[in-house]
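Here is a short report on a ligand site and its surroundings. Keep the sequence and the model open while reading.

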Amino acid sequence: MFITFEGPDGGGKTTQVAMTVSTLRERGHNVLLTREPGGTAIGDQIRHVLHDMKNQAMHPRAELLMYSASRAQIVEEVIRPHLAAKGLVICDRFFDSTYAYQGYGHGLDLSQLKLITEFATGGLKPDLTILLDIAPEDSLQRRLSALDKGGEWNRLDAMALDFHKRVRDGYHALVAADPQRWVVVNAAQSVEQVQGDILKALEPRLVETKSQG
Ligand code: TMP
């Protein structure tokens, strides 16, 4: 089974992914945790270029191709082999981030983006995607407050608030287009409440996967 987590930076995604993975491992699932961009040695080098504050001049099409290159590598090197071994893969971001950020955020053509994404993934699609949903004003505020505790502020955080609003609306449009695949969790709640909602959504689907063998 292939599960992805999506949502804005500052929505608590990294914490929630880590908590979910540790619970599923305690319950005996063979979980592989990975993230995008990155997740492979090649992908981590691409991640560095994408996040570097020096690269403000990066064109959205160049950005899209770098995310896609990182994705092609992680799919073949990491995700497909684990799925083939009947494992559970959890990925912190996947192609929905591209639709939300490069498509809805930057306004790149969605049908072209779909072709490039399908080429990069070889058609691989998550079975389930969890959206940690929070207003951009709140998520950016959380990122700013975390800076003095070692938090990160990258090139994408520095985009205008309008951009982050389009990204959130984009996520909602993606959910509306494929509601079976998505679970939307209110990320403005406490860490424990968010985790509770995630596990509640996962449990019946994991049982279903087991009974299908
Ligand atoms: P994160 O790893 O801290 O979540 O940061 C990744 C950043 O990259 C985040 O701002 C979202 C952005 N991103 C895209 O714009 N497009 C993509 O396809 C992916 C995977 C991430």
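## The ligand and its pocket

The ligand sits in the largest pocket. "Sits" here requires more than half of its atoms to lie within 2 Å of the pocket's grid points. This is a predicted model: local features need pLDDT of at least 70, side-chain atom pairs count only at pLDDT 80 or more, and totals for chains, interfaces and linings use all residues. Residues are numbered from 1 along each chain as its sequence is written, and side-chain values use heavy atoms, with hydrogens and water left out.

Two or more residues of the shell around the ligand come from each of α2 (41-51), α3 (60-84) and α4 (95-105). Helices (H or I, at least four residues) and strands (E, at least two) are DSSP runs, numbered from the N terminus. The largest share of the shell, four residues, comes from α4.

The shell holds 14 residues, of which Asp9, Tyr67, Arg93, Thr98 and Gln102 come nearest. By class, the shell has four nonpolar, four polar and six charged residues. Ala, Val, Leu, Ile, Met, Phe, Trp, Tyr, Cys and Pro count as nonpolar, Asp, Glu, Lys and Arg as charged, and the others, Gly among them, as polar.

| Side chain | Ligand atom | Distance |
|---|---|---|
| Aspartate 9 | oxygen | 2.8 Å |
| Arginine 71 | oxygen | 3.0 Å |
| Glutamine 102 | nitrogen | 2.8 Å |

Taken alone, the ligand exposes 480 Å², and the protein buries 95% of that. These areas come from the Shrake-Rupley method with a 1.4 Å probe.

The largest pocket has a volume of about 740 Å³. On a 1 Å grid over the protein atoms alone, a pocket is an open set of points where a 1.4 Å probe fits, with protein on both sides within 12 Å along at least five of seven lines; lining residues have an atom within 4 Å of a point. The lining counts 33 residues, and Asp9, Lys13, Thr14, Arg93 and Arg143 lie nearest the pocket's centre. Its largest share, five residues, comes from α1.

## Two backbone features

Most residues other than glycine have a negative phi, and most peptide bonds are trans. Glutamate 36 and proline 37 are joined by a cis peptide bond, with omega about -15 degrees. Proline 37 lies in the loop between β2 and α2. Lysine 86 has a positive phi of about 65 degrees. Lysine 86 lies in the loop between α3 and β3 (88-92).

Methods: A residue is near a molecule or strand if one of its heavy atoms lies within 4 Å of it. A polar contact is a pair of N or O atoms within 3.5 Å; within protein, one must be able to donate a hydrogen and the other to accept it, and residues adjacent in sequence count only if both atoms are side-chain atoms. Grid points are joined across faces, edges and corners, and a volume is the space filled by probe spheres set on the points.
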